[in-house]
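Reader: I'm new to this one. Could you walk me through how to read it?

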Amino acid sequence: MTKLTTALIAATAVMAAAPAMAQWEPNNRPVEFVVASGAGGGTDNFARTIQSVLSRDGIMDQSIVVLNKGGGSGAEAFLYAKQNKGDANKLIFGTNNVYLLPHVAKLAYTTDDLQPVAALALDEFLVWVKADSPYENITDLIEAAKAEPGQIVFGGSQSKDTDETLVALIEQTSGADFKYVPFNGGGEVGVQLAGGHVAANVNNPNENLGQWQAGAVRPLCVFAPERMAESEAISGDMGWQDIPTCKEAGLDIESYRMPRTVWVPADLPEEAVAYYRDALQKVSESEGWKDYLTRTSQSGAFLAGDELKAFIDENETSTVAVFKAEGWTGE
Amino acid sequence: MGNFDLLMHGFGIAITPMHLMLMVAGVLMGLIVGVLPGLGAPNGVSLLIPLTFALDPTSAIILLSSMYWGALFGGSTTSILFNIPGEPSSVATTFDGYPMAQKGESTRALTLAFMSAGIGALLGIIVITLLAGWASNFALKFGAPEYFAVYFLAFAAFIGMGSASPAKTLVSLATGLILSTVGMDTVTGEVRLTFGYDELLSGISFLVVVIGLFGIGELLSTVQEGLRFRGVSSRIDLRDVLRTIRELPRYWATTIRSGLIGIWMGITPGGPTAASFMSYGIARQASRKGQPFGTGRPEGIVAPETADHSAGTCAMLPMLALGVPSSATAAVMMGGLMIWGLTPGPMLFATKPDFVWGLIASMYISNIVGVILVLATVPMFAALLRIPFAIIGPMIVAICFVGAYTVSNSTFDLWLVLVFGLVGYMFNRLDYPLAPLVLAMVLGHKAENAFHQSMVLSDGSLGIFFSNTLVSSIMVLGLALLILPKMLQLGGRLRRKMPVE
């Protein structure tokens, strides 16, 4: 009996050690893709697209399970990572909310409970108004808000999240005063704008695309250093490349973009992080991924290692400055 | 008529052996996830999404939507037989469905539920077919104040004519409202009432509470009453099914009213759950004759089921035409749509007619397939009640806990089920109504958000709820439903007193 047990333990140990000696691979339990948003949102599509590329192109053989943990603006997913410290079978999908949330809400995790693997895309932000609105460009809108402080309504997704931060940044840069109303998600804000219940929103391209195609809303400017990639005409004869950057339209915000990021729980061996980084890099070079970027009008940008760390530091510092000016940090 | 030609074109796409097979498979899988509480349509559909990567978008949406219809049918089965709602939207079906099954008429209850569900779905699809363009414009008219008015109406319709004592109703309602505020608030971004438990950050899941309150609570009551199911034996006969179908035309008024409520709530994202509660409440107010509601009255099954399914089918319209899902399942499907490379929005109807009309045509066929499949299984499901309690009781406990766990894979939820099981048991013993608590949990947070958003928009003036015709008429209707029944009661009492004095 004891001999058998010893033999079994030895066998198990050998089997467990074997993969470590070769190239690192996740164990044969399914890999969990933990999504920091509800089903159907931008982050959810990001994760599910990666899932489909990984399995279709045979980059990863493990079966993949997508779990939506969108509670508390995504905090639920990051807390889950903390609870599963050192578990190499969990990837967490988010945006910049991973490192920004702890600044505005008292939460039981810190950014150190996760480690970044890669960022794969940058999602753009645009200012949109209803098609028949009197504002022809961003200056019109800002002047109107200066004339009637606190009366022009900006709709956005969630509170103290990327949308409200951007509206605060516009206010701080231009001196105008808007009224911000939070809704549950970008799709909902898009419909509120098309129905004329809010005056403007700062949706990502994909969130307002359907309404723009139908001519219900129109973009004023994009918060990117240069104009967006060339596309076919979307509404009338206008394509994405015809939208001016906000800077050239007279609003002095160089760039405001949201990275789509992938994280793993803290305390993972370097080989595990490297394994996922390589897999994600293969995804970022695939056809399926390029389709996804074009379809959702995002800019592809594969960032990992030191480059990613530098990006996160820069993004965190500049955003926290906006939080502080608004008094959201609770200091 | 353009829409009719397009629909015929759609049937051409939907009726292929491959698509018919997908529909049957989808409905069957949906039935299974619908019957298991907690698993539910949203989970089932998201589990299927990876499988659809290999299909073309039209086949994929046909499979996913068929699963949704199946789950809607399946959800009512456990509501009626065991008082455990398989889906949030079938909670209202328990109120009269379970008592009817207890009286030994489970075949009748199931048949009523399935038939009216099928009729509701068909009403919804007809509206989608005829009014695709107009309906999405109507939905655009709904801003924050209008949403609040709709939720207010749902509360008013349901509470106005409550049979329990007003004080107890208030306690139950307030408990539900407090529970619905747990977690992070959308409008302020603050974390509320979590008492430092990270597990509560995303709020208390409505499904977990319902599984506890109804499933475990009911079980505890049964145990106290001597370890047997009330109303065990029921005749199982296909002829009963036919007899019940012949009985249906009598409830035409309830059916049409509930269908309209469902269509409205499906198009203006109130959702199937709100629709079934509202429709049940209004049916109770509309018919005064006969045995009271809550004791197994047929209209009490017809109303929520018809509304649930017409709302469920109509929820596809705002999802496709506006990109706004009005049910959790529609949200998951919309995610799928984007992965397949389709952009929901007003232009989808113009740019992808094959996809849209193929889907609409498939909705006709798969709902009919669904009704036939579930009716054929009625005797089998009804037979479940013949199994002795000693066997079925532990199975129900296991199903409840497994179901609660699958909601968000959290062991904390298992404790919640236990706690709410005790709460449900106590509510039962002390005659507190459970329905207001459930309603408040479903709609409380949404109503609060809409109210808060309206207040931000109007700088704190209540006048915003009467600022245009649409919102004022919904509010007035709500107030009328809330106050009129009490006034009539009071008036009646006064008139009876007059001659005496």
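Author: Let's start with helix H8 (residues 205-213) of chain A, which is mostly covered, with eight of its nine residues buried. Buried means that 20 or more other C-beta atoms lie within 10 Å of the residue's own; 12 or fewer makes it exposed, anything in between partly exposed, and C-beta atoms are placed from the backbone. Helices (H or I, at least four residues) and strands (E, at least two) are DSSP runs, numbered from the N terminus. This is a predicted model, where local features need pLDDT of at least 70, side-chain atom pairs count only at pLDDT 80 or more, and totals for chains, interfaces and linings use all residues. Residues are numbered from 1 along each chain as its sequence is written, while chains are lettered from A and ligands numbered from 1 in the order in which they are written.

Reader: What covers the buried residues of H8(A)?

Author: The cover includes helix H2 (42-56), helix H7 (186-194) and strand S9 (217-222) of chain A. Among the buried residues themselves are A:Pro205, A:Leu209 and A:Trp212. After the helix comes A:Gly215, with a positive phi near 75 degrees.

Reader: How do I read a nonpolar core?

Author: In soluble globular proteins, nonpolar side chains tend to be buried together. A nonpolar core is a set of buried Ala, Val, Leu, Ile, Met, Phe, Trp, Tyr and Cys residues joined through C-beta atoms within 7 Å. Here the largest has 258 residues, and those with the most contacts inside it include A:Phe93 and B:Met278. Helix H6 (residues 106-140) of chain B gives the most to this core, 16 residues.

Reader: Why does this core lie between domain 1 and domain 2 of chain A?

Author: Domain 1 (31-122 + 258-326) and domain 2 (126-242) both give residues to the core, so it lies between them. Those bounds come from an automatic or database domain assignment.

Reader: How many residues of the two domains are in contact?

Author: Contact means C-beta atoms, placed from the backbone, within 7 Å of each other. By that rule, 13 residues of domain 1 of chain A are in contact with 15 of domain 2 of chain A. H11(A) gives the most to the domain 1 side, with four residues.

Reader: And between the chains?

Author: There, 46 residues of chain A are in contact with 41 of chain B. H2(A) gives the most to the chain A side, with seven residues.
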